Amino acid sequence: MFFRFCLYGFLKNQRYFEPFLILIFLEKGLSFFQIGLLVAFREVVVNLFEIPSGVIADVWGRRKSMVLSYSAYIASFLVFGLAEHVVVLFVAMFLFAVGEAFRSGTHKAMIFTWLRLQGREKERTQVYGYTRSWSKFGSALSVVLAAFFVYAYDSYTYVFYCSVVPYLLGIINILGYPQQLDGTVD
């Protein structure tokens with residue numbers, strides 16, 4: 001499971017659009033005011049969905065919650081790539097925010113549950129730190145790959161489509177997690 005946890009961290013940070021997000025929005029004709037509204041909208045939606053997402057993870061199970069999160073991310077990437085109007089970008093940002101809300105904290109809880117089930121609770125800091133290092137490595141590699149994709153496709157928009165692939169792999173990874181990591185499901 002340790003490898004799968006590291007793989008999760010690596011794949012979740014393959015967000016090739018992140019270094020270019022402002023440029024992408026400018027390319028789509030948005031003003032800085034509209035960009036600010038989009039970012040603020042995302043943060044409000046993430047905060048509004050934090051508590052319901054935790055409840056849903058407790059009821060449905062953490063794995064399903066993570067698959068829902070990744071599915072929302074993928075839908076957002078596709079909508080971002082296709083969007084030509086600011087209203088559609090708000091839909092994409094909503095989907096992205098839902099993905100963020102359903103992901104945040106859920107995977108950490110799965111790691112800690114696994115450690116508890118393995119009787120390795122004293123290794124929390126080391127294991128979580130190591131998985132976080134793979135997340136940071138994923139972020140660093142993501143920037144390099146993003147620059148390559150922008151150069152290769154001569155457009156910022158394609159970085160959204162390229163981001164779909166690691167998130168599909170992330171869903172496959174999460175579906176392979178044992179059911180006991182779902183937590184208490186009623």
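This note sets out numbered points on a predicted model, from the overall fold to single residues.

1. Overall architecture. The chain contains 8 helices and 0 strands. Read from the N terminus, its elements follow the order α-α-α-α-α-α-α-α. The radius of gyration is 17 Å, close to the 16 Å given by the globule rule for 186 residues, so the chain is as compact as a globular protein of that length. The C-alpha trace extends over about 55 × 35 × 25 Å along its principal axes.

2. Burial, surface and contact range. Of the 186 residues in the chain, 45% are buried. When contacts between residues at least 6 apart in sequence are considered, 82% of them join residues at least 24 apart.

3. The α1/α7 pair. Two packed helices are described by the angle between their axes and the distance between the axes. Helix α1 (residues 2-12) and helix α7 (residues 124-153) have axes that come within 7 Å and cross at roughly 35°. The crossing of α1 past α7 is right-handed. On the α1 side the contact involves Phe2, Phe5, Cys6, Gly9, Phe10 and Lys12, while α7 contributes Val127, Tyr130, Thr131, Arg132, Trp134, Ser135, Phe137, Gly138 and Leu141. Sorted by class, the residues of this contact are 9 nonpolar, 4 polar and 2 charged.

4. Surroundings of α1. The buried residues of this helix are Phe5, Cys6, Tyr8, Gly9, Phe10, Leu11 and Lys12. Among them, Phe5, Cys6, Gly9, Phe10 and Lys12 also take part in the contact with α7. The packing partners of the buried residues of α1 are α4 (62-82), α5 (86-103), α6, α7 and α8 (158-175).

5. Thr106. This residue lies in helix α6 (residues 106-117). Its relative accessibility is 9%, under the 20% limit, and Thr106 is therefore classed as buried. Apart from neighbours within four places in sequence, Thr106 contacts Arg62, Ser65 and Met66.

6. Cys162. Helix α8 holds Cys162, which counts as buried because its relative accessibility is 14%, a value to be set against the limit of under 20%. Once neighbours within four places in sequence are set aside, the contacts of Cys162 are with Tyr16, Phe149 and Tyr153. The C-alpha atoms of Cys162 and Phe17 are 8.9 Å apart in space, although the two residues are 145 residues apart in sequence.

7. Ile51. Helix α3 (residues 32-60) includes Ile51. With a relative accessibility of 68%, Ile51 counts as exposed, the threshold for that class being over 50%. Ile51 and Ser76 are 25 residues apart along the chain, and their C-alpha atoms are separated by 21 Å.

8. Asp154. The loop between α7 and α8 contains Asp154. Its phi is positive, at about 55°, although Asp154 is not a glycine. Asp154 counts as exposed because its relative accessibility is 71%.

Technical notes:
Residues are numbered from 1 along each chain as its sequence is written. This is a predicted model: local features need pLDDT of at least 70, side-chain atom pairs count only at pLDDT 80 or more; totals for chains, interfaces and linings use all residues. Side-chain values use heavy atoms; hydrogens and water are left out. Axes are lines fitted to C-alpha atoms, for helices over the stretch in contact, and angles run from 0 to 180 degrees between N-to-C directions. Helices (H or I, at least four residues) and strands (E, at least two) are DSSP runs, numbered from the N terminus. A crossing is left-handed if the near helix is turned anticlockwise from the far one by less than a right angle, and right-handed if clockwise. Contact means heavy atoms within 4.5 Å. Ala, Val, Leu, Ile, Met, Phe, Trp, Tyr, Cys and Pro count as nonpolar, Asp, Glu, Lys and Arg as charged, and the others, Gly among them, as polar. The radius of gyration is taken over C-alpha atoms; the globule rule is 2.2 Å times the number of residues to the power 0.38. Buried means under 20% relative accessible area, exposed over 50%, partly exposed in between (1.4 Å probe, protein chains only).
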